[in-house]
Amino acid sequence: MNPFFNLTVCLLGPWLFVDALIAQTTSSSSQELQPVKPLVLQYDKPAPDSDRGWVNDSIPLGNGYMGINVFGGINTERLQVTENSLYDWGKDRGLKRRGLNNFAEIYIDFDHDKVNQYKRALDLNAGLSYLAYEKNNIQYRREYFTSYPDKVMVIRLTASQKAALSFTLRPTIPFLGEGKTGEIKAAGDTVTLSGEMTHFKILFEGQLKVIPEGGKLEANPGQGTIAVTGADSAVILLAVGTNYQIDPQVFLEDKPEKKLSQFANPHVKVSQYINTAAAKSYSELKAAHQADYQGLFDRVRLDLGATVAATTTDKMVDAYPGGKHDRYLEELAFQFGRYMLICSSRKGTLPPNLQGIWNVYARPPWSSQYLHDTNVQMAYAPVFSANLPELFESYADFFIAFEPRMKKYATQYIEQYHRSELAPDGNNGWSGPFWANPYTVPGKTPIAGFGTGSWISLMFWDYYDYTRDPKLLAETVYPVMYDQANFVSRFVQDIDGVLLAKPSSSPEQKKRNTIGTTFDQQMFYENHHNTLAAAKILGRSDSRLEVFEKQLPLLDPIVIGKSGQIKEFRQEEYYGEIGDPHHRHTSMLLGQYPGQLINDSTPAWLDAVEVSLRNRTNKSNIGWARAERVAFWARVHDGDEAYSFYQDLLEGNFLHNLFNDHRGGPLFQADANYGATAGVAEMLMQSQDHVISPLAALPSAWPSGSYDGLLARGNFEVSAVWSNGKATRFEVVSKSGGTLKFRYPNIAKANIKTSDLNAVKFTATGDDLVTIETIQGQVYTFTNLASFQRVAPPSDLQVETGAANKISLRWNKSAGADSYKLYRAIQNAPGYELVRSGITAAELVYQPEDLKKINQMTLKVTAVKGDRESEKGSTVIWLRNP
């Protein structure tokens with residue numbers, strides 16, 4: 001059920017209120033129109049005019065072409081402008097270094113000091129920012145938005161009394177003289193900022209056009225300003241650009257000053273943007289913006305039962321750590337990540353970097369680079385599940401531009417590390433980068449292993465798997481995956497009968513240049529597997545496919561340690577022996593999330609993930625790490641633990657404007673904003689094993705609620721309603737047709753119908769899984785869901801070894817259990833085998849005949865009540881030689 005709505009917000013009263021809220025749904029199964037909850041960040045004072053005010057309080061806008069931070073000043077408005085290709089470089093190192101530069105600081109002077117009823121807001125539903133106040137009985141209002149269709153920022157200034165609006169537009173170019181030149185010219189109704197970033201010879205230009213209604217307009221060429229006096233209202237348009245193009249030439253050219261030498265001065269395109277927009281009315285610009293923005297944002301709704309906040313957002317954020325866990329803030333944070341991705345990742349523009357598309361500094365944190373050992377992947381973590389798949393095109397185009405450079409590196413590394421595998425025709429695929437920026441993608445670094453390339457490929461596979469577009473698979477996705485597998489197949493070496501990465505590193509751990517880290521092995525496995533799956537779908541018979549197929553079972557992606565953990569390093573035995581045991585990166589678990597290798601069909605591995613997570617603890621205060629662990633815990637179906645990390649993130653990292661404070665300072669990094677959205681989506685719906693599992697990690701803190709429009713693999717759009725922790729209704733839209741597998745307790749007993757109320761034929765596997773052959777475009781509803789009672793698992797399983805062939809087990813009982821089952825998984829086995837059922841006591845002597853042949857196994861006990869078994873169990877590791 002996808003709501004589409006019009007929202008008019010008035011800010012002129014004593015508080016922000018909704019004048020009109022009209023909602024309708026596209027689903028024919030909807031019984032009545034439901035109002036759309038306003039999602040608004042609101043404040044009663046301007047952001048401080050400082051760097052701290054920028055990061056903590058300013059309101060972010062964006063359209064891919066630019067990022068804007070609005071301060072909401074009364075006497076003087078400040079608009080800080082970012083353009084993601086305006087890049088500098090130097091020899092400085094450390095946290096803050098040359099990189100992305102502040103494009104412009106735009107000031108609008110109003111000469112208003114003492115005002116009443118000041119309010120400012122960001123309306124996520126509408127994609128607009130507002131500001132309003134009263135002075136001398138005149139109501140002043142400002143409205144801001146950044147339009148992707150028209151490639152401009154639009155500002156509208158109004159006053160409730162005619163001829164009462166006067167202001168001076170005063171743009172500036174910051175950080176001149178630090179590898180940056182520029183000038184400002186005012187003529188007629190336009191101010192032009194232009195200059196050059198000298199290191200890469202980046203030519204930049206911004207134009208602001210002032211369109212008043214009534215009054216007088218006067219340009220001051222000497223000061224580069226425009227003054228408007230006595231107007232009824234005014235519109236200000238901003239367009240920006242550089243001579244940068246997303247093109248392989250940029251990455252293949254080694255000399256910085258020549259990277260952009262073939263590309264045109266941006267003046268013509270910037271002039272075209274501004275003049276085309278100026279030919280349209282304000283209402284036309286706004287309508288085009290909202291049709292584009294809401295066409296994306298409105299696809300997903302989340303209602304956790306919260307009411308619209310009666311206080312300002314800064315106070316709500318400050319109150320959250322004190323135990324006031326406001327559901328409205330939890331809803332806002334989820335949708336704010338989607339909002340930020342819409343702002344920062346659009347076709348034809350650069351993808352979001354560490355800071356998304358917002359930067360105020362000359363030396364931003366880590367240069368505002370692209371880091372491929374989690375940060376880029378975190379930026380795109382919600383793009384598919386949160387139903388924004390076309391936003392990935394921004395990164396796809398960027399990757400295709402730097403891929404030729406990575407192919408050169410691939411040949412270099414195969415020659416260096418496995419010369420015998422060099423391709424006679426020179427086609428050795430492409431190797432993955434660690435970091436990149438819009439101008440440079442360097443070679444390998446020991447900070448992270450070559451698995452970064454396969455992790456990039458995983459994003460491309462997901463692009464297909466969630467959309468099921470065969471043309472996309474054939475023309476874009478498969479070539480990327482195949483060429484990555486080509487490199488990997490030549491790079492890995494036979495060591496003790498398995499194929500391992502050498503050298504290999506687990507991202508940002510101090511032990512580096514080792515052999516076969518789980519990060520590399522899992523990512524290599526995922527890409528080989530997905531490449532073969534894609535080849536089968538497309539009917540391909542490319543020359544290396546047979547090699548990939550032979551290699552796949554030898555890539556050895558999971559090794560279980562003596563603590564029952566998934567090893568991060570092959571040399572470790574017990575958890576934490578090597579590396580930082582509480583490290584922010586949890587790279588050995590990427591096959592569980594965002595990968596598909598570990599899922600409900602590999603329960604022994606899934607239990608090993610949980611062991612690793614508990615040992616990793618919650619000690620890291622890094623924003624993105626907390627966001628990632630929301631998803632990790634969701635994938636092991638522990639909603640309460642996932643929710644605890646979501647709380648930690650909101651309590652410890654979210655600032656007043658909902659920017660993520662990376663680790664204090666504050667230090668803004670956008671990845672946790674995106675990652676938080678992805679984590680919540682995983683709590684509410686999963687499909688990693690191509691079985692849709694709604695409410696797979698629902699926390700007890702969200703007993704009732706609903707969501708609409710989350711996207712599952714197979715291009716199924718999923719909606720759910722639940723009450724008292726149990727689902728009351730599901731709806732699935734089959735956007736591509738195909739087989740739908742749906743898992744939920746007693747789902748086979750539900751009333752399953754199409755939108756036209758026809759009964760649906762399905763195949764049941766037990767009571768909890770149904771399979772439906774769907775028709776493209778059809779809506780499937782699940783109602784009258786049978787009640788069920790989850791069985792509590794036993795706890796504290798203990799093991800003692802007596803005689804050589806006996807294992808003594810005991811555990812704490814599960815309340816109300818009729819009996820127990822015992823399972824085992826030997827060494828690295830992905831699944832369990834049932835070895836005993838009908839156990840009535842909470843202890844057992846287990847005497848396997850093959851015990852002498854076993855060195856290590858995981859034992860698991862579950863509880864049974866009636867015909868239902870506990871979803872989780874209690875596990876313990878048995879070791880022959882502890």
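Which residues in H14 meet Asp671, Ala672, Gly675, Ala676, Gly679, Val680, Glu682 and Met683 in H16? On the H14 side they are Gly623, Trp624, Ala627, Val630, Ala631, Ala634 and Arg635, where contact means heavy atoms within 4.5 Å. Keep in mind that this is a predicted model, with local features needing pLDDT of at least 70 and side-chain atom pairs counting only at pLDDT 80 or more, while totals for chains, interfaces and linings use all residues. Residues are numbered from 1 along each chain as its sequence is written, and side-chain values use heavy atoms, leaving out hydrogens and water.

Now for how the two helices sit. Helix H14 (residues 623–635) and helix H16 (residues 671–684) pack at an angle of about 10°, with axes 8 Å apart. That makes H14 roughly parallel to H16, a label for angles under 35 degrees. Axes here are lines fitted to C-alpha atoms, for helices over the stretch in contact, and angles run from 0 to 180 degrees between N-to-C directions. Helices (H or I, at least four residues) and strands (E, at least two) are DSSP runs, numbered from the N terminus.

Follow H16 onward and you reach a sheet: H16 lies across E19, E26 and E27, at about 105° to E26. Six strands make up this open, antiparallel sheet, in the order E19-E26-E27-E28-E33-E30; strands pair if DSSP finds at least two bridges between them. Its edge strands are E19 (301–303) and E30 (751–754). Inside the sheet, eight bridges join E27 (residues 716–723) to E28 (residues 726–734), and Ala720 has Phe730 in E28 as its bridge partner.

Note on methods:
Angles under 35 degrees count as roughly parallel, over 145 as roughly antiparallel, 65 to 115 as roughly perpendicular and the rest as oblique.
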